Amino acid sequence: MRRRLINSTLAVVLVVIAVFGVSLVIVETRTISSSAQERVDSEAMRLASIVDSRLISQERISAGILRDQVATARYARIDLPGRPPIEIGKRPTGDVISATRPGEQGEQVTVQEPKDAVTREVGRTLLIIAAVALLAIIAAVLLAVRQANRLASPLTDLAETAERLGSGDSRPRHKRYGVPELDRVADVLDASADRIGRMLTAERRLAADASHQLRTPLTALSMRLEEITVTDELSTVKEEATIALAQVERLTDVVERLLTNSRDPRTGSAVAFDLDEVIKQQLEEWRPAYRSAGRAIVSSGKRHLEAVGTPGAVAQVLAALIENSLMHGGGTVALRTRVTGNQAVIEVTDEGPGVPPDLGARIFERTISGRNSTGIGLAVARDLAEADGGRLEMLQTKPPVFGLFLSRTPLSKTEAAAETVR
């Protein structure tokens, strides 16, 4: 591209120099020739005037007296009536510029100049024009190289940026070149880099979330299948199979929820549901794990609460909190429900040492982990809670208390009266 830009610029400059240079040469040649002819005419007229004045005053006329009136390089001939001609200078040979002027006393003055002088002056002019044209060509080459580099280097840079994007490096460069069209391309590439970066981040996040969120349902499903393999009682097989099918449905719900949340974390499918059912499901699912660890998990608080949200998402949030208590907490884990304003709150607490001071409010950030964990569970739990308009907060650090806040459905008249009596 650089070569094409330089060649095209030089072609334009050469055409301009050819057109205007030839025209200038023609004009200057004619101007120099006309100027030389005018000088010879003027000298012939002046010399004729001098001869007239001396003839009128009857003064002596000779070549020695008139020699100073004729330029050195010119030849003059004065023809007087009844006298021999007077010649001043050497008669030129070859092409000459000549002018003849008659006098008032009958004389005739002829002045000649060799044309070589005009040719030399035209040559000097042509040399000057050629030098100027050469300087113009050099300047055009330098300008063409500069412009070619200014345009080609950004294009090479943009090509490298596009190649980096294709190889997976989605960092925007935020580099501009002072050329509106190229800056527009750079803007588009940076915007594409941002979008690709967000897509890659979403994919990595989905993979991490899936590995974390699917681990618990798969473990529970595995435990149920193991129970089926070690028993011969048909009733136990049916019971465990029913629970396993429920686990499969929950696993499907987890996958769908993860996919929905990866596309848009704000997208929810909130409905009114009974909190008791979700809490009961979590207790049944986690009791075997807590029993194996020599710990207990219990629930208390207000019953028959209805909340607005996605049951599967709420179950995943509670599962993340319960698993967090199993891994990092100690003693009995308690799920307590209560009401505050128009919100239903589920608090999850344990008797462990609590959240370390260096974590604090950063506990919900991704990659922030207390010990031997991925640092994803609580971050995913908060995203799931916010997707349905709820929120997940750490209410207390020692002992640790996490609160899941969900909107409540409006109370009917009967329920409102019952609430008033209580």
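View 1. V12 counts as exposed because its relative accessibility is 53% (exposed means over 50%, buried under 20%, partly exposed in between, with a 1.4 Å probe and protein chains only). This is a predicted model, in which local features need pLDDT of at least 70, side-chain atom pairs count only at pLDDT 80 or more, and totals for chains, interfaces and linings use all residues. Residues are numbered from 1 along each chain as its sequence is written, and side-chain values use heavy atoms, with hydrogens and water left out. V12 lies in helix α1 (helices are DSSP runs of H or I with at least four residues, strands runs of E with at least two, numbered from the N terminus).

**View 2. V13, a buried residue of the helix.** V13 also sits in helix α1, which spans residues 2-56. Here the relative accessibility is 19%, so V13 counts as buried. Leaving out residues up to four places away in sequence, V13 touches A136 and A140 (contact means heavy atoms within 4.5 Å). Although V13 and A136 are 123 residues apart along the chain, their C-alpha atoms are separated by 8.0 Å.

**View 3. The largest nonpolar core.** Take a look at its 37 residues: L275, I297, V317, L318, L392 and L404 have the most contacts inside it (a nonpolar core is a set of buried Ala, Val, Leu, Ile, Met, Phe, Trp, Tyr and Cys residues joined through side-chain atoms within 4.5 Å). Helix α8 gives the most to this core, with nine residues. Beyond its neighbours within four places in sequence, L275 is in contact with L305, A307, A344, I346 and L406.
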